[in-house]
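User: I would like to go through this model by question and answer. Please keep it brisk and end each answer on the value or name asked for.

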Amino acid sequence: MPHDDFEIEPVKGLPERPPEGEEILWQGRPSTFALARESLNLYWVACYFGLLAVWRFVTVVDLLPFGQAIAATLPLIVLGAVVCGLLYIVALIQARSTVYTITTSRVAMRIGAALTLTLNLPYREVRNAALDLRRDGTGTIALDTDGETKLSYLVIWPHARPWHFAAPEPALRCIPDAEHVAGILAEAAEARINIPQVVRTVPLDAMAAE
């Protein structure tokens, strides 16, 4: 019988229904190929095995007939293809298990393939957002959170800004149409932060009476 690991979610990507007045503005997940390329270094791995194959062929072509030189090189090509295929599968699993959500109040990130967790980042805890845009339109939006928000790079990887280990920044990694999504996030955050905060105060005469 088929089983959906996320069937208990009342709303896709969220552990509970949004409070009254909070609206979902956008939901999405990483592009599988972009995630494999950016977080798993697919191109670098492919180039590495390609160079090994070329080196192998060059070193044996003078010692063996051409056909045997090709045969001696083939295992490296096959091994490289297998490794790249495995990296793509890992990226596919990560992408399929991820849901990024932008609402009028926060950014929520349901992440994790083996151990699933949901990060809730209210806009008032986000100091800055940085967009890393690629030529194909995919990009990463990194969120610089305040000092009270403690995150582990290993726990949130690959949904973290690359190379920021000391102060990890959660990130919407390798999302399609990233520039448009960044605009939605910026408008929602600005609107939320500019909402006046009503604080109940004690009248001065009441304080004097005490």
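User: Is Asp144 buried, partly exposed or exposed?
Analyst: This is a predicted model, where local features need pLDDT of at least 70, side-chain atom pairs count only at pLDDT 80 or more, and totals for chains, interfaces and linings use all residues. Residues are numbered from 1 along each chain as its sequence is written, and side-chain values use heavy atoms, with hydrogens and water left out. Buried means under 20% relative accessible area, exposed over 50%, and partly exposed in between (1.4 Å probe, protein chains only). Asp144 has 23% relative accessibility, so Asp144 is partly exposed.

User: Which residues does Asp144 touch, leaving out those up to four places away in sequence?
Analyst: Asp144 sits in strand E6, residues 139-145. Strands (E, at least two residues) and helices (H or I, at least four) are DSSP runs, numbered from the N terminus. Contact means heavy atoms within 4.5 Å. On that basis Asp144 touches Glu125, Val126, Arg127, Asn128 and Glu169.

User: What separates the C-alpha atoms of Asp144 and Pro168?
Analyst: The two residues are 24 apart along the chain. Their C-alpha atoms are separated by 8.3 Å.

User: Which residue in E4 stands opposite Val107?
Analyst: Strand E3 covers residues 106-111. E3 and E4 pair in the antiparallel sense over six bridges. Opposite Val107 stands Leu121.

User: What is the relative accessible area of Val82?
Analyst: Val82 lies in helix H3, residues 66-96. Val82 is one of the residues of a nonpolar surface patch, along with Leu74, Ile77, Val78, Leu86, Ile89 and Ile93. Val82 counts as partly exposed, at 45%.

User: How many helices and strands does the protein chain have?
Analyst: From the N terminus, the elements run β-α-α-α-β-β-β-β-β-α-β-α-α. The secondary structure comes to six helices and seven strands.

User: What share of the 210 residues counts as buried?
Analyst: Among contacts between residues at least 6 apart in sequence, 61% join residues at least 24 apart. The buried share of the protein chain is 36%.

How values were computed:
Two strands pair if DSSP finds at least two bridges between them. Patches are made of residues with over 30% relative accessible area and no salt bridge: like charges are joined within 9 Å, nonpolar side chains (Val, Leu, Ile, Met, Phe, Trp, Tyr) within 5 Å. Accessible areas come from the Shrake-Rupley method with a 1.4 Å probe; for residues, only the protein chains shown count as cover. A salt bridge is a side-chain nitrogen of Lys or Arg within 4 Å of a carboxyl oxygen of Asp or Glu.
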